[in-house]
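Subject: Handing over the structure

Hello,

Here is the structure I promised you. Please open it first, then read my notes below.

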Amino acid sequence: MIGNVILVDIALFAILLAAALGIAHTRSLYSAAMLAGLFSLTCASLFVVQDAVDVAFTEAAVGAGMSTVLFLGTLALTHSRERVTPPTRRVPALLVAVGTGVLLIYASLDLPPYADPANPVQQHPLTERYLQTSQQEIGVPNVVTAVLASYRGFDTLGEVAVIFTAGVAVLMLLGRLRGNAAGSPGTAPAGGLQGEHRVLRVVAKLLMPFILLFALYVQFHGDFGPGGGFQAGVIFAAGIVLYTLVFGLGHARAVVTPGILRMLLPLGLLLYAGVGVATLLLGGAFLDYNALSPQDPVQGQHLGILLVEAGVGITVAAAMILLFYAFAGRGARS
Amino acid sequence: MTANLPALQVLIPLLAAPLCVLLRTPNAAWAVFAAASACSFVFAIGLLLTLPAAGSISYAMGGWPAPFGIVYVIDAANAWMLVLVSGAAVATAVYARVSIAAEIEARRIYLYYACLCLCLTGLLGIVSTGDAFNIFVFLEISSLSSYALVAMGRSRRALLSAFQYLVVGTIGGTFLLIGIGLAYALTGTLNIADLHARLPGADNRALIAAIAFIGIGLSIKMALVPLHAWLPGAYGEAPSAASLFLAACSTKVAVYALLRFLFSAFGIERSFAVLPLTQIGLLAGSLAMLVGAAMACLQTDLKRLLAWSSIGQIGYIVAGFSLATHDGLRASFLHLLNHAVIKAALFAVAGMLVLRLGSARLEALAGLRQRLPLVFAALLLAGLGLIGMPLTAGFVSKWALVQALIAEAQWVIVGAVLVSSLLAVVYVGRVVEIAWFREPSGATTAIAPIPLSMQLVTWALVLLSLWLGLDSALPAQLAGNAADALLGGPR
Amino acid sequence: MIASGYNYWMAMALLIVGLYILMSHANMVKKLLGLSVFQMAVFMLYISLGKVRFGTAPILDSSITVYSHPLPHVLILTAIVVGIATTALGLALVVRIHEAYGTTDEDEALALDRKPDAP
Amino acid sequence: MTVVLVASWALITAGAVLALTGALGLFRLPDFYTRTHAASITDSAGASLLLLGLLLQAESFAVGIRLLLIMLFLLFTSPTAAHALAQAALKDGLKPVLGRAARR
């Protein structure tokens, strides 16, 4: 059993290493970006093998999906070939990389053995609290969701603030703000596939509702299975990205307007933080969901997690779509 | 309400950021940022005052107790930093209104204020938290917003500087993440006090690597020589208000985070025993003093000159705490404050020059003293503080540092402090020489009067630095308390 | 005792490659790709820490007794978000730099600024 | 039960072989269009057979229905993706390699 797992691990690792070396070697940036997508997807598989299903889900949606889209979008606006790396850069780079590696391998000599149940990580009282007591305290079968949204809910608020920051920053750097409202469908940029692409349009139309439905399923099923606000937001955004690619930026901007997105981006964060403010006003600590329903704390936890995850989903979806619009819109102008 | 102060002072700027984006007008966004900084400042002072004499206030986020959830722990060391950071934000807010309106495209201003709010949130969050991973999350909030703040500078070099800052900063952040991961692997916890209780003894190789990774990661964020390459571009090219804010507190917060890891999480008995941190820190610190000051002498732009000088000043701070003595730490904390005030005043001056002259190139300053007497008077007074003239704030903290070094018989480092102070005379003197004694070059077009708000901030900072130089009893006592809090073991 | 650290070493090898890509290339898009690889290697390191032999995903079910630790998963979920946020901001900067300099190569852009006639 | 198991493994093996064929084709075939064709074999036929094989071993109805949905999704998307790729290449002016040149 454990032997098979090692075989799978090593096979996946071989793919990862090949992809990483490929990225280092190729001078075509398109290939490098696609290899990075492959790297992410393989990473996600490795995470599944290591039981981190939520992380795998996110990695696949973000690393292989959104991030690749953004890389390709950038390459469409810039050069796709790379100059030969001057050797003067290689030696110091190699020294730093090897130095870091040596330090890490030195560290690994005293790291607890891999997957050993006697590890400090597994022996700490946290483990019991999260895996057992959480059932009485929070009552959410997916422990990752319980920890993410409640025990370490403040980290997750920070995470939403990070993605909000990225949205604001990219909007500030690339956004077409005001005065330059949604382009008419006729001026759709590269990527808008008009006319003869009937197959694509039909399939895209057919899939769209299911993608959005799946996003909602992931959003609300996060208590019981892998998923949650973050993954749902990215999937929702992926649906809109698909729509934009097939029908053009103009149409997409008419359906999901940048104005609405610019409202939703802060609203998600405000919703999350607002739950915290509400618990403060109800006499609890910041983000103490028990205060939402003093008679039945578990009910309060459920309500809190639901609202907080909704906040995550809203901000993430808005940020991802805005990021994509910002890159795609830049192409339309230049 | 007072019980919730630790959460509120971070929460208010965090709420302010989305509010800025929703309101979408420059004035409203400015008002939100200003109000949020003022609230944080008041709350921070409230925390400093309500702090029990030798204790700490802890606040459990979500009501989950220490190792299970995230707790904020406020003690003498970080209450002091909170006042510093939020105070810098207040100064920036008053200063920014005119400065940003002049330097940023009008329809992007509200986003700029949102980024300032986020940067403030991140910095306050790093300082307040008692959780190692939470430090990483808020460090990334402040870093990401800093990259954006820098990128909006006027010239295209700002974009390039921001990109370099982003790459280097992310490496630093990821190194910190590796270090936290190694410490987590050894203990199973992320809470700083719990880490201190559970970490293994000194001979563990993973522990040594964890300290090394965290040290390197945060040294990048604080621009310690030789990891300083990102800073001159970032501070030199950023819009004036952002330069002021970042120079006053961004690298200082990284110093604080490193102190928190070394003294509270790993504990002095581990961190200074397994690695020769005293020697490394003194070496890097004195290198930073000399390199920073020497490079500052070679600059042709006032903002870049000040940025290089900041690299040098970080050297003093690092040399202080590397001694791992009470006096050394006290000197570090004192210099953190004094340098923040002085450097903020100088960047405020540079911002006024940028506003009226279009740039802060040194040659453009030739003979301008007669025409901008107040501006250059402020520059001179703050510059004297930077050198460390007696009766200025800079002298107080440098003197404390020299005393701490002498107590440990580190004569070579004392020499480095003196040499770098002499170099500071050279680079401040150069600016003074150009502004006072050179013939004005080119056309003498009229210079419009400088907005009152910017002058006000500049003079408030200059006067504060003078006060800190004349009456150092209160800051010295607070810095001493901060040093006690860190040396008193785990929180 | 089967190679107790092999999973860590895999992540570390990838980390070295990522850091090398990041440091050795002057092209900014390539740098960001290297940065992603570097960060993902760190994620792998963290996820390895949570794994328990014969454990399953931490989604509680009455028929299962051994679960992998959920905390590293939560941390890495957050870190992935930080990663995409950094990548997005970096790419936005690359686009703007390309508009301002006409190149995405760091060395070339720096050389353009060093020319005396640079604006 | 064993019959089902044998059938399942047969399907999985067939899927794996098809996936391998696709990979081989990706390396060996002469031009973009034929390679796209090979790659889409992996995507549609290879993956579908694998999923069918797994379906026979599904422990519960819930798992089975998910596998079916994944298969349905793949059957829609992978031919469409291959079509879109080929169409884009054609529009871009890429000529298929025909006749003798194709045999190298």
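Chain C and chain D do not touch either, with nearest C-alpha atoms 14 Å apart.

A word on the basis. This is a predicted model, in which local features need pLDDT of at least 70, side-chain atom pairs count only at pLDDT 80 or more, and totals for chains, interfaces and linings use all residues. Residues are numbered from 1 along each chain as its sequence is written, chains are lettered from A in the order in which they are written, and side-chain values use heavy atoms, leaving out hydrogens and water.

Now the contacts. Four pairs of chains touch, and chains A and C share the most contacts. Here 81 residues of chain C meet 96 residues of chain A. Together they bury about 8,100 Å², 76% of it on carbon and sulfur atoms. Buried area is the accessible area (1.4 Å probe) that two parts lose on being put together, summed over both.

Eight salt bridges link chain C and chain A. A salt bridge puts a side-chain nitrogen of Lys or Arg within 4 Å of a carboxyl oxygen of Asp or Glu. One of them pairs C:Asp107 with A:Arg89, with the closest N and O atoms 3.0 Å apart.

Which helix gives the most to the side of chain C that touches chain A? That is α3(C), with 24 residues. Helices are DSSP runs (H or I, at least four residues), numbered from the N terminus.

Best wishes

Methods. Contact = heavy atoms within 4.5 Å. Helix = DSSP H or I, 4+ residues; strand = E, 2+ residues; numbered from the N terminus.
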